[in-house]
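Dear colleague,

Please find below the structure that I am handing over to you. My notes on it follow.

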Amino acid sequence: MVAKDHLSLQLYTVRGKLEEDFDGTLARIAEIGYTLVEPFGVTAFADRLAEALPKHGLSAPTTHAGLLREDSAPIYAAAKRLGITTVIDPHTDPARWQSADEIKVIADGLNKAAVEAADHGITVGYHNHQFELESKIGGAHGLEILADNLSDDVILEVDTYWAAVGGADVPALLKKFGDRVKAIHVKDGDGTLNNKAQVAVGDGVIAVADILAAAPAALRVVELDDFTGEILDAVAGSYKFLTGEGAPA
């Protein structure tokens, strides 16, 4: 079972709910039992997060932000304001993952960002989709080539669902990366690119237990990219499955 202080929710999961009722949605997330969240759009939402997170007993150890595409100064400022210690770049152009040389350029960008971030007391990380695993160069997944060229200061947040969709043996990949994996996205579904087929953790085909066992120290971050039903039901179902606790009705 996952301890509550080791379990987070990527707020992109509830982006539609946040648009409708920002404060009420965070209140419901806390009611379900989550104490940690992973924001997106941290510069745009900094004011509202600064007010709502402490109000509902929530904190954000990690966030997603486009460090390789955006001005980093506002990102670091927002992160420091919110007590966020790790900023994770969530996406790069899939076309850049077709050659080892270009992957090394991505790694270089992350390494440079890590040096800059360290001046702000912040750690830099990278989050994958499926294409970093679909890419195979010299028998290695693109994400493995990236990891081999990262400085020790850059961490990985492995999206275990997209890694599986990309064709990786996810438990083996996590074990290979070892302590560099400080967080994992835990999601479930039918193992395809169809976001609408994603479901509450435990209701799909992903070998969640094996994945969790392969990265015991990594923060578990629940995420659904999409869902056909009431998204907060899937958020609550994921919490219940991972913690073994019943969520409030």
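Buried here means under 20% relative accessible area, with exposed over 50% and partly exposed in between (1.4 Å probe, protein chains only). Helices (H or I, at least four residues) and strands (E, at least two) are DSSP runs, numbered from the N terminus.

Please note that this is a predicted model, in which local features need pLDDT of at least 70 and side-chain atom pairs count only at pLDDT 80 or more, while totals for chains, interfaces and linings use all residues. Residues are numbered from 1 along each chain as its sequence is written, and side-chain values use heavy atoms, with hydrogens and water left out.

On one side, β9 (residues 181–186) runs parallel to β8 (residues 154–159), to which four bridges join it. Within this pair, Val158 has Ile184 as its bridge partner, and Asp159 has His185. β9 also pairs with β10 in the parallel sense, again over four bridges. Here His185 has Val221 of β10 as its bridge partner.

Eight strands form an open sheet with parallel pairing, in the order β2-β1-β10-β9-β8-β5-β4-β3. Two strands are taken to pair if DSSP finds at least two bridges between them.

Three bridges join β1 to β10 in a parallel arrangement, with Arg220 of β10 as the bridge partner of Leu7. Three bridges also join β1 to β2, and these strands run parallel as well; Leu9 stands opposite Val37 of β2.

Helix α11 (residues 231–243) lies across β1 (7–10), β9 and β10 (219–222), and runs at about 160° to β1. Axes are lines fitted to C-alpha atoms, for helices over the stretch in contact, and angles run from 0 to 180 degrees between N-to-C directions. Contact means heavy atoms within 4.5 Å.

**The chain overall**

The secondary structure of the chain comes to eleven helices and ten strands. With a radius of gyration of 17 Å, close to the 18 Å that the globule rule gives for 249 residues, the chain is as compact as a globular protein of that length. The radius is taken over C-alpha atoms, and the rule is 2.2 Å times the number of residues to the power 0.38. Of the 249 residues, 53% count as buried. Among contacts with a separation of 6 or more, 74% are between residues 24 or more positions apart.

Yours sincerely
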